[in-house]
Amino acid sequence: MPDFQPKIVAFVCNWCTYAGADLTGTSRMKYSPQVSIIRFPCTGRIDFMLLLKAFASGADGIIVSGCHPNDCHYSSGNFHARRRWIIFRGLLDFLGIDVRRVQFSWVSAAEGAKWAQLVNETSERIRELGPFAGYQRLRGLGVG
Amino acid sequence: MNALREKARELLATKTVQVVIGYAPGSGGAARALFVREAAQAGELVFDETCLQNLAAYLMKPEVRRLGRAALVARPATLRTILQLAAENQLAESSLLALVPGADGVLSLSTFSAIEAHVAAQDNDLSAAEKSELEKFAAMGLDERREFWQEQFSRCLKCYACRAACPLCYCTRCTVECNQPQWIPVPAHDLGNLEWNVMRAMHLAGRCTNCGDCSRACPVGIPLYLLNQKLCSDVLSSFNQRSGMAARADHSLSTFKPDDPEDFIR
Amino acid sequence: MNARDVFKPFLMRIEQITEEAPDVRTLRLVFQNEDEGRGFIFRTGQFGEYSVFGEGECTFCIASSPTRQGYIECTFRKAGRVTSALAALETNETVGFRGPYGNVFPIDQWQGRNLLFIAGGIALPPMRSVIWNVLDLRDRYRDVTIVYGARTVADLVYKRELQEWAGRDDVKLVTTVDPGGETPDWQGEIGFVPAVLDKLAPASHDTVAVVCGPPVMIKFTFPVLARLGFAPGDIYTTLENRMKCGVGKCGRCNTGKHFVCKDGPVFTFAQLQEMPQEY
Amino acid sequence: MARIGVFICHCGENISATVDVKQVAAAAARIPGVAHSVEYKYMCSDPGQQLVKDAIREKGLTGVVVAACSPRMHEPTFRRACAETGLNPFLCEMANIREHCSWVHEKGDATTEKAIDIVRTLVAKVKKNKALQPIQVPVTKVALVIGGGIAGIQASLDIANAGHRVILVEREPSIGGHMSQLSETFPTLDCSQCILTPRMVEVAQHPNITLYSYAELESLDGFIGNFKARIRRKARSLDETLCTGCGLCTQKCPTRKIPGEFDAGLGLRPAIYVPFPQAVPNKPVIDREHCTYYRTGKCRLCEKICPTQAIRFDQLDEIVEVEVGAVVVATGFDIKHGDFFPEYGYGKYPDVIDGLQFERLASASGPTLGEIRRPSDGKVPETVVFVACAGSRDPAKGIEYCSKICCMYTAKHAMLYRHKVHGGKPYVFYMDIRAGGKMYEEFVRRAMEEDGVQYVRGRISRVFERDGKLVVKGADTLLGARPMEIEADLVVLATAAVAQPGAEELAQKLHVSYDAHRFFSEAHPKLRPVETNTAGIFLAGACQAPKDIPESVAQASGAAAKVAALFSRSELVREPLIAVVDRQPPPVYSSCVGCFLCQSACPYQAIEKEEIRGRDGQLIKTVARVNPGLCQGCGTCVAFCRTKSIDIQGFSHEQVHAEVLALLNRGERDA
Amino acid sequence: METEKRSIQREALAKLIEQWCREGKRVLAPRKSGDKVDFDRVTSLSEVSFDHVQTVQSPKSAVFPRVEELFSFRSADGQVEVRDRELDILPETVVFGLRPCDAAAFAALEAIFNWDAPDRLFTARRARTTLVAVACSRADEYCFCTSVGGGPGAVAGSDILLTDLGQGEFLAEIASAKGREMLQAADSLFGPALDADKESRLAKPAAVFAADAVAAVLAGLFADTAFWEEQSRRCVGCGACAYVCPTCACFDIQDEGGASGKRLRCWDSCGFGLFTLHTSGHNPRPLQSQRWRQRLMHKFSYMPERQGVLGCVGCGRCSRGCPVDMNILEHLRAIAEARP
């Protein structure tokens, strides 16, 4: 599907990945414009419900990114997030929801290049997977 | 069974407890919960393989709490539920004792530490059959799993019987009842049903003691136990933790280890 | 003929927004379709379902008097999803309205009698409709007394109208705030409504009392009125049970066999004494 | 009634070169709730800010979105501009269309579309923003310093000299800590007590310092600026106000053969004692465990002899409550003792000793008055084997880390031995020499080259006794792992530096976190090394990790500087971006069910239990409450709350939910 | 209308279903899936289960779906356009194989939805729905239709009632104009009336209580808190009973899809704790015992008095579906026996 431009939402923490993405900008590295960022104080703040909401609202892919282990501005928010995602991923997979559509990563404030690469690779993968039609169909109501 | 009745009589006669929550024969050959408040009524108590309900759910009901101290006839999962509820600050040690019917009489566990010791000695693993069912699921293709659950969830009525039967769903305001923002659609349509069931499973991860009451409660027969067993199994394999093993906080999802697995994180 | 769906709201334009108190505001609504407006008749005491499209419906009484034609008003406190959305709307935006529903204050029967209105907090709106209704027909009634209390001075709603009533010599207005809720320049009473009422001791002879307020206020006001000699049949109130449909179907508002949405919301104390305590 | 203003910045050409800003402005104007939408060359310039301010005033804006650079750059700028007009600064958000858009994408429709998406997202957010007030926390300008070793002393003096009151709590009868036990210090070999005791006296005499020796922290509640500490002053069995420190009692005490803690068990002390002659305070304490009177009910000799009648046998522990604004934890370290090294015969052979014991042997004030004599028979050892890394860097022993100070003090010990025993043969078994530090490498080299200390690279496997000698078996790994056997008279183990035995308990009292080895955790390993995760509690010295004296002192001064900075204002002003727990009027009170999963998730121990009681005092429910002094606003608790009862200001459920929907619902009207 | 008696063979029945499908009708019938039987869309007789006692869910969703769009709306620049549901596209539906009790339940739904202001969507769906019931040859311990005025072979409510006479033969009783229309459209598939003993083919559930006796007792039982607490102690407050009930019709109204979305009606239950919760936090029915009382009172006291129809048809689904065995029959018997 060459014309397909996926919608990807990135949930990122303010201190590492948001700053890392800022660095991508200041370094003028280019990446795919299909990804937009929503800023959170910490990955620990990111409720799994928001990921569901993103898919339900038509996201084809999701990036969740924060500070590397031990680098969390709040010391352990990312560790809590990591546990949450371990369980959440397992559950989605069990339900037959393709977890390749959710990319988790640690991108530090210094990793501007990693951010660009992550976005490009994720966009490419989502583009290959195509629109998340299976999930988006759920939005239509089963009104008999 | 006689030992159980005898014990119930004694506990009520000595006013050690004000109510014994146990099982009585119910409709359709199944057992049902019985609240024995008079020693004379203790003869109605039974305990056999039909007695499946996790009676700990009643410990969270204000109407039952008002009756006073309770003796609860407990199955293995019930004991773990009691500990999990205690770890979540929901139960006072003085509010209950657990009665565990066994081959040689009835064990009366009146402290959390006694329950902990008992639970530590019992088999808390998923059964071989449960494990192999999970393995069967893991072996299925992604689409096959999706179709399976889509069909299951399409039947969900959002009657919340799973939630009502679950002793750990004691929240007085469930996420599904939060509407600012509206996290989960109220109507029982496909999206609402999926989000409801994912949310419930996530909220039980690391807390569910695999009593199976959600599945038994579901009027349309959705195998909710599969979700919970999957998460129990993941919590164990990823964090080496089990819910309901101790009456103090040891929550697998609000704690962490620096070296938790992260092979999926780039 | 394809009858109008009972669930289909009239489209209303917000003509005016009045800030009444913190988080409390009044919307003046006019029918977008003039024909619908012309055919619309309501009487005091009735309520409606107001909706913000995309957020849902909520139930309020019609706070304006039927004597003031061409618009209806509602007053609400921003609390839940719908009221928050309602509070976010601007003039000229659209809200939905279904109604009028429910029974009415029998003001025709009250002709020639004294009227005592007792209200607390955000429960003044249903009372405001009936107060303006009788004031607009002032010569049909004898003494009109209004006792109104709120938690704090800021929480008093309809401040401009309170001033107007206070300035009229054919209305006796007593306002009060809860202890601690007064401001340094507060001229009114300080105390809870039942206590103030007790002190005021209005004559019960040939007087109709209308009481609107939170359940706890109502609970303590009835005994005071009884002591003052009011007959249960002469005490009116409105019940505010939760509703969804407003037309006797959704199953929410029942108190016993009574549909608050159909048989109410206006009940006399005499009726309430016969009804189960489910409100 | 949202009236949002959107201000789109060209940033010169930084944004407008790739984003069609006019189109963005036009699209923003169409978003429901947007009352004003303009673009401008440099929004952050004075005229740009004026544009924002004027629009707020003229259009009565209720919220502002500045679409420009990263909020990390100019959010404070624009929030300040809003505040100047009277608009609450937290009703201003920035849409990052530069770093996250114009700079990273090529010019084109997709880039402009994305800029519009970002603006729409932030407009949706700002509509749900609430006016927030900064949190003001009063600060009690008194510091509590726990631990009276060199780190605690330094921190106390620095804070006191900055003009603030200090309460110094020391567990032992005297301050001084491990440093007071040392003989000389590396790399200068100056006398430890000579440099320490003046500082100790300064503490005792400083008008701003209240010293509670022989005291321990009982509990600590509260939060930054507002802690309440309860301190247990253990019964000295003595009225300190009467005692003159004349020392008569300690001389006359009949119970004299108690191994002294100060001499690391090598010397003896009486039951009523002052740990060492230069102790501060110089007041004795009765060791009730050994005192004849306490054991038998008879004696009371000290009482009889005391010229000021200061002895108080019936004295009880006393609890002192103090209010402090900051806490410096300087509880130091311990070393591994006892049966931790059975293979080295430690504890079995009296002549296998640890480094601290050697310090006492080498100290002029020690049990041997500074002569190196071995404990068993008082003989001057002819051969001494020093074993570095005894326990440290040994995963098998459960101590993976390097104790950091041993290389240096072992070199010092070997040198001191050579200086005192001229014909003595010192051997040092080591794994690596870690001598990073000013003059450190030179110091070790001096030991090897000038003092003839024999360094052998290798681990020793065993120490056993043979014919009155300690046979040290090891291998020299530099010489092809050649097995070695040395017959020694004294073996000195540089045992691992470990956390104090009570560290865990103390950490729990303080609500600070600690690592796997029970050393206290700093807030950030690089950038916040003296802070803990609990605001207002700072770390100094070896309680955080093994450290030498200069490092401990430096960290102590660092902690003191942090405290002084905190005390520089009488009120602490913090951004209100913190979590709050739902509260409602009765009968609901709060939607919180009190499961307290949030409590175990909070990195800052900011979540407290609040008991809600009815008018009759009956407990209605126990619910969570966020302590605004402790919360740092990470929001981890928010994501855990099943009832959505905790929310975080600035990143609330409604805000982020609205952002997600707005971002994805391109072209649709958001509700 | 006089009931007309005809017969139909199993093969003809199969053809009849096929014919309905060809006519574009939606045919809902009991279908077995796992160990449960429930209504589902079918296209052939072979999919239909006959040997079950009762389905898990009732057929009420044919006229009262668990989620239904009331209307849709579009918003732009503060202006809203409301679009009615198009009634013409609602499907013509045949509910086949429902039990006589289920057929009787439609009268109760009718009473709830149309006792006062007519409900447009319900009415439209009901008009497009034909009920072809199958009489019960078996009953179980949960069935009590005979206590509430029904019976395993009762015709009332059905458009056509079939009774299995064995050997692939069914008695067909045509009981309404709709039924007659259906017959006329496929007259050749029906045979003449048979001289068969219908009664002998029917289950014989015993009448356990008299509904009017229950109503009489309930009238004085409201305030007996202890009685209701005792009855409801086991109840966990879910909505299973209401959702499987053929007459329960409490609903909620919800908007979805943002400002250009839909207003939906969806099932709700008086058993839920938050059902009656006021915004202020006040709850008229805070206790499960009060909610249980409401459920029974509504069906057996308020509905007969206000709408002139009993709110229960004795299908027993709530008892079968209850996770904690709140057997309604037992409780009704206890009520009937509570007072003279």
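**Entry 1: terms and the B sheet**

I begin with the rule that two strands pair if DSSP finds at least two bridges between them. Helices (H or I, at least four residues) and strands (E, at least two) are DSSP runs, numbered from the N terminus.

I note that this is a predicted model, in which local features need pLDDT of at least 70 and side-chain atom pairs count only at pLDDT 80 or more, while totals for chains, interfaces and linings use all residues. Residues are numbered from 1 along each chain as its sequence is written, and chains are lettered from A and ligands numbered from 1 in the order in which they are written.

I looked up the residue that faces B:Ala24 and found B:Arg32, which stands opposite it in β2(B). Strand β1 (residues 19-25) of chain B is joined to β2(B) by six bridges, and the two run antiparallel. I then followed the open sheet of five strands in chain B, whose order is β2-β1-β3-β4-β5 with mixed pairing. Its edge strands are β2 and β5 (105-109) of chain B, each of which pairs on one side only. On average, neighbouring strands of this sheet are turned by 30° against each other, direction ignored.

I also checked what packs on the sheet: helix α1 (residues 2-13) of chain B does, touching β1, β2, β3 (70-73), β4 (96-102) and β5 of chain B, and its direction makes about 40° with that of β5(B). For such angles, axes are lines fitted to C-alpha atoms, for helices over the stretch in contact, and the angles run from 0 to 180 degrees between N-to-C directions.

**Entry 2: chain C**

I counted seven helices and 13 strands in the secondary structure of chain C. The radius of gyration of chain C (taken over C-alpha atoms) is 18 Å, close to the 19 Å that the globule rule (2.2 Å times the number of residues to the power 0.38) gives for 279 residues, so chain C is as compact as a globular protein of that length. Along the principal axes, the C-alpha atoms of chain C fill a box of roughly 55 × 45 × 35 Å.

I call a residue buried if 20 or more other C-beta atoms, placed from the backbone, lie within 10 Å of its own, and such residues make up 53% of the 279 in chain C. I count two residues as in contact if their C-beta atoms, placed from the backbone, lie within 7 Å. Among contacts in chain C between residues at least 6 apart in sequence, 69% join residues at least 24 apart.

Chain C is divided into domain 1 (10-101) and domain 2 (114-238), with bounds that come from an automatic or database domain assignment. The centres of these two domains of chain C, taken over C-alpha atoms, are separated by 24 Å. Their contact takes 17 residues from domain 1 of chain C and 15 residues from domain 2 of chain C. On the side of domain 1 that touches domain 2 of chain C, β1 (10-21), β4 (56-61) and β5 (72-77) of chain C each supply at least two residues.

I sorted residues by class, with Ala, Val, Leu, Ile, Met, Phe, Trp, Tyr, Cys and Pro as nonpolar, Asp, Glu, Lys and Arg as charged, and the others, Gly among them, as polar. That side of domain 1 of chain C divides into eight nonpolar, six polar and three charged residues.

**Entry 3: chain E**

I found chain E divided into domain 1 (4-201) and domain 2 (211-338), with 25 Å between the domain centres, taken over C-alpha atoms. In chain E, 37 residues of domain 1 are in contact with 31 residues of domain 2. To the side of domain 1 of chain E that touches domain 2 of chain E, α2(E) gives the most, with ten residues.

I looked next at helix α3 (residues 120-127) of chain E, whose buried residues are E:Arg120, E:Leu121, E:Phe122 and E:Arg125. What covers them includes β4 (67-76), α2 (100-114) and β7 (129-134) of chain E.

**Entry 4: between chains**

Which chains share the most contacts? Of the nine pairs of chains in contact, I found that chains A and D do. Their contact takes 37 residues from chain D and 35 residues from chain A. The largest share of the side of chain D that touches chain A, seven residues, comes from α18(D). No contact joins chain A and chain C, whose closest C-alpha atoms lie 15 Å apart.

Key. Buried ≥ 20, exposed ≤ 12 C-beta atoms within 10 Å, placed from the backbone.
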